[in-house]
Amino acid sequence: MLQIRPNCECCDRDLPVDSADARICSYECTFCASCVENVLLNVCPNCGGGFVPRPIRPAIARRDGVSRIHQPPSEKPIHSPYTREQLHEFARRFSAIAPEER
């Protein structure tokens, strides 16, 4: 089950559980759409993979025990140890390679 991390690892923007602006890689590194497009160039700075929109966990249990109430999102913020410039430089080196070929 996804942690549903609460913030962008680059700019620290809040990304609530119902945010359609959250993007994740296959390791669930979490960034906002703006950072993915403008800074990271669709290259995860942690694994080198690409990003997809983060699914939104249902607010209401449509099946018993399955909802945000039963599996709440993470409250622990994650911050990149790299500067915005370092993130962009890493992404720039690999952005011309399609995610499925990285």
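Me: Let's start with a single residue. Is Ser-26 buried or exposed?
Reply: Ser-26 counts as exposed, because its relative accessibility is 71%. Keep in mind that this is a predicted model.

Me: OK, and where is Ser-26?
Reply: Ser-26 sits in the loop between β1 and β2.

Me: Let's zoom out. Which helices and strands does the chain have, and in what pattern?
Reply: The protein chain has two helices and three strands. Along the sequence the pattern reads β-β-α-β-α.

Me: And how do the strands go together?
Reply: The three strands make an open sheet, ordered β2-β1-β3, with antiparallel pairing. The edge strands are β2 (30–32) and β3 (52–53), and each of them pairs on one side only.

Me: What holds paired strands to each other in general?
Reply: Strands of a sheet pair through backbone hydrogen bonds, in either a parallel or an antiparallel way.

Me: How many bridges are there between β1 and β3?
Reply: Two bridges, in the antiparallel sense, with β1 covering residues 22–24. Within that pairing, Ile-24 stands opposite Val-52 in β3.

Me: Switching to aromatics. How many aromatic pairs does the structure hold?
Reply: The structure holds two aromatic pairs. One of them is Phe-31 with Phe-51, an edge-to-face pair at 5.5 Å centre to centre with 80° between the planes.

Me: What does the pair of Phe-31 and Phe-51 tie together?
Reply: Phe-31 lies in strand β2 and Phe-51 in the loop between α1 (33–38) and β3, so the pair links parts that are 20 residues apart in sequence.

Me: Are Phe-31 and Phe-51 buried or exposed?
Reply: Both Phe-31 and Phe-51 are buried.

Me: And what about Phe-90 and Phe-94, what kind of aromatic pair is that?
Reply: Phe-90 and Phe-94 form a tilted pair, 5.1 Å centre to centre and 55° between the planes. Both lie in helix α2 (residues 84–94), four residues apart, which is about one turn of the helix.

Me: While we're in α2, what about Leu-87? Buried or exposed?
Reply: Leu-87, which is in helix α2, counts as buried because its relative accessibility is 2%.

Me: Which residues does Leu-87 touch?
Reply: Leaving out residues up to four places away in sequence, Leu-87 touches Cys-10, Val-39, Leu-40, Pro-45, Ser-80 and Tyr-82.

Me: And how far is Leu-87 from Asp-64?
Reply: The C-alpha atoms of Leu-87 and Asp-64 are separated by 42 Å, and the two residues are 23 apart along the chain.

Me: Now some backbone. What is the phi of Leu-41?
Reply: Leu-41 has a positive phi of about 50°, although it is not a glycine. Leu-41 is in the loop between α1 and β3, and at 27% relative accessibility it counts as partly exposed.

Me: What about Asn-42? What is the phi there?
Reply: Phi of Asn-42 is near 65°, again a positive value in a residue other than glycine. Asn-42 is found in the loop between α1 and β3, and it counts as partly exposed at 26% relative accessibility.

Me: Last topic, the whole chain. What box do the C-alpha atoms fill?
Reply: Roughly 45 × 25 × 15 Å, taken along the principal axes. The chain has 102 residues, of which 35% count as buried.

Me: And what does the surface come to?
Reply: The protein chain exposes about 6,300 Å², with carbon and sulfur atoms supplying 52% of that.

Me: How many positive and negative side chains are there?
Reply: There are 13 positive and 13 negative side chains, and the centres of the two sets lie 3 Å apart.

Me: One more: what share of the contacts joins residues at least 24 apart?
Reply: That's 55%, among contacts between residues at least 6 apart in sequence.

Definitions and conventions:
Residues numbered from 1 in each chain as written. Predicted model: local features only at pLDDT ≥ 70, side-chain atom pairs only at ≥ 80, totals over all residues. Heavy atoms only, no water. Buried < 20%, exposed > 50% of the residue type's maximum accessible area, 1.4 Å probe, protein only. Contact = heavy atoms within 4.5 Å. Areas by Shrake-Rupley, 256 points an atom, 1.4 Å probe, with all protein chains shown as cover. Lys, Arg positive; Asp, Glu negative; His and termini not counted. Charge placed at Lys NZ, Arg CZ, Asp CG, Glu CD. Pairing = 2+ DSSP bridges. Phe/Tyr/Trp six-rings, centres within 6.5 Å; stacked < 30°, edge-to-face > 60°.
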